[in-house]
Amino acid sequence: MDATALAANFENKLAKNENIEPKDWMPDNYRKHLIRQISQHAHSEVVGMLPEGNWITRAPSLRRKMVLLAKVQDEGGHGLYLYSAAETLGISREELLHQLLSGKAKYSSIFNYPTLSWADMGAIGWLVDGAAIMNQVMLQRTSYGPYARAMVRICKEESFHQRQGYEIMSVLAAGSPEQKAMAQDALNRFWWPTLMMFGPSDANSANSENAIKWKIKRESNDQLRQRFVNQTIPQAELIGLTIPDAQLKWNEAKQGYDFGEPDWEEFNQVIHGNGPCNKERLGARLKAHDDGKWVREAAAAYASKRKLVAA
Ligand SMILES: [Fe+2]
Ligand SMILES: [Fe+2]
């Protein structure tokens, strides 16, 4: 097929909502967009293990510890599926890791905030995983096959994460005044950074237009943010916590809430490496990479030995 026929074939598949698979022809910019998006997503899963990993040794009971451990392990697994999906686009795992460890790659800004109390485990599960689900449900129908399939399993696990977080928050909110205050404080700190997770407003989002055109994304940042707010407010009310937004108001006409604007200057600072924990997070990843060097070397030595035996 010549270039025009290949391009027509690609457009045709998109129009019919058929998946694009690794061996199919695709425009260079589509491939680049996906490598960027999937690898940022993978990095976010892996860096996202750090703020919660911080609390595994301090979980208040054995049950809480087991649940948190399982949740953090899930996130590691999500990173692995997503790195594998990115590799099908022709980039190596080494290169992807190099981009993260050299500070070149971005990951979700939310993970550059500190986790100061046990209630933060509740707020992260409830809000951060909740926001992640909003994005990821739509990605189960994304146009690139390996990414869409990875998201199906990830979404099942994310809804468990969201529920375990909400359960922590509801237990704290129904507890002593100190426990309730701790839950409210966690909500106060994580609310705005969570709204920023959906990315800039559609009008200011550089990559949104192509993502929609190529059916990588099927809903806009603002639509998803609105849905998240609509879903979360009644959950906060049910457990007696207050959303820290003076502008929050039900809008009968749009059948949704009006809400305040996140601080986009803060978002830009965090994205560009100046958040409260950027250096700490990258430092922890670099240390883990160095600590794992002997494992990679041993695995490579074992693999070449087995090759010799087989030959
Ligand atoms: Fe995840
Ligand atoms: Fe999660």
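**View 1. Asn251 and the residues it touches in this predicted model.** Leaving aside residues up to four places away in sequence, Asn251 touches Gly256, Tyr257 and Asp258. With one of these, Asp258, the contact is polar: the two side chains approach to 3.1 Å. The Asn251 side chain also has a polar atom 3.0 Å from the backbone nitrogen of Ala253. To find your place in the fold, look for strand 1 (residues 249-251), which holds Asn251.

**View 2. The iron ion (ligand 1) and its four donors.** Here you can pick out Glu45 (OE), Glu75 (OE), His78 (ND1) and Glu158 (OE), which coordinate the iron ion (ligand 1) at 2.0 to 2.2 Å. Along the chain, these donors follow the spacing E-x29-E-x2-H-x79-E. If you plan to check the geometry, note that the angles subtended by the four donor atoms run from 86 to 153°, so the arrangement is irregular.

**View 3. Glu75 as a bridge between two iron ions.** Glu75 bridges the iron ion (ligand 1) and the iron ion (ligand 2), and these ions lie 3.4 Å apart.

**View 4. Helix 12 meets helix 13.** Helix 12 (residues 278-291) and helix 13 (residues 293-310) have axes that come within 4 Å and cross at roughly 35°. On the helix 12 side, the contact involves His289, Asp290 and Asp291. Their partners in helix 13 are Lys293, Trp294 and Arg296. Sorted by class, this contact has four charged residues, one polar and one nonpolar.

**View 5. Gly240 in its loop.** Finally, step over to the loop between helix 10 (221-238) and strand 1, where Gly240 sits. Gly240 is partly exposed, since its relative accessible area is 37%. For a sense of scale, the C-alpha atoms of Gly240 and Gly145 are separated by 42 Å, and these residues are 95 apart along the chain.

Key. Residues numbered from 1 in each chain as written. Chains lettered and ligands numbered in written order. Predicted model: local features only at pLDDT ≥ 70, side-chain atom pairs only at ≥ 80, totals over all residues. Heavy atoms only, no water. Axes fitted to C-alpha atoms, helices over the stretch in contact; angles between N-to-C directions. Helix = DSSP H or I, 4+ residues; strand = E, 2+ residues; numbered from the N terminus. Contact = heavy atoms within 4.5 Å. Nonpolar A, V, L, I, M, F, W, Y, C, P; charged D, E, K, R; others polar. Polar contact = N/O pair within 3.5 Å; in protein donor to acceptor, adjacent residues only side chain to side chain. Donors = N, O, S within 2.8 Å, 3.2 Å for Na, K, Ca; no water. Tetrahedral: all angles 85-135°; square planar, octahedral: opposite > 155°, others 65-115°. Buried < 20%, exposed > 50% of the residue type's maximum accessible area, 1.4 Å probe, protein only.
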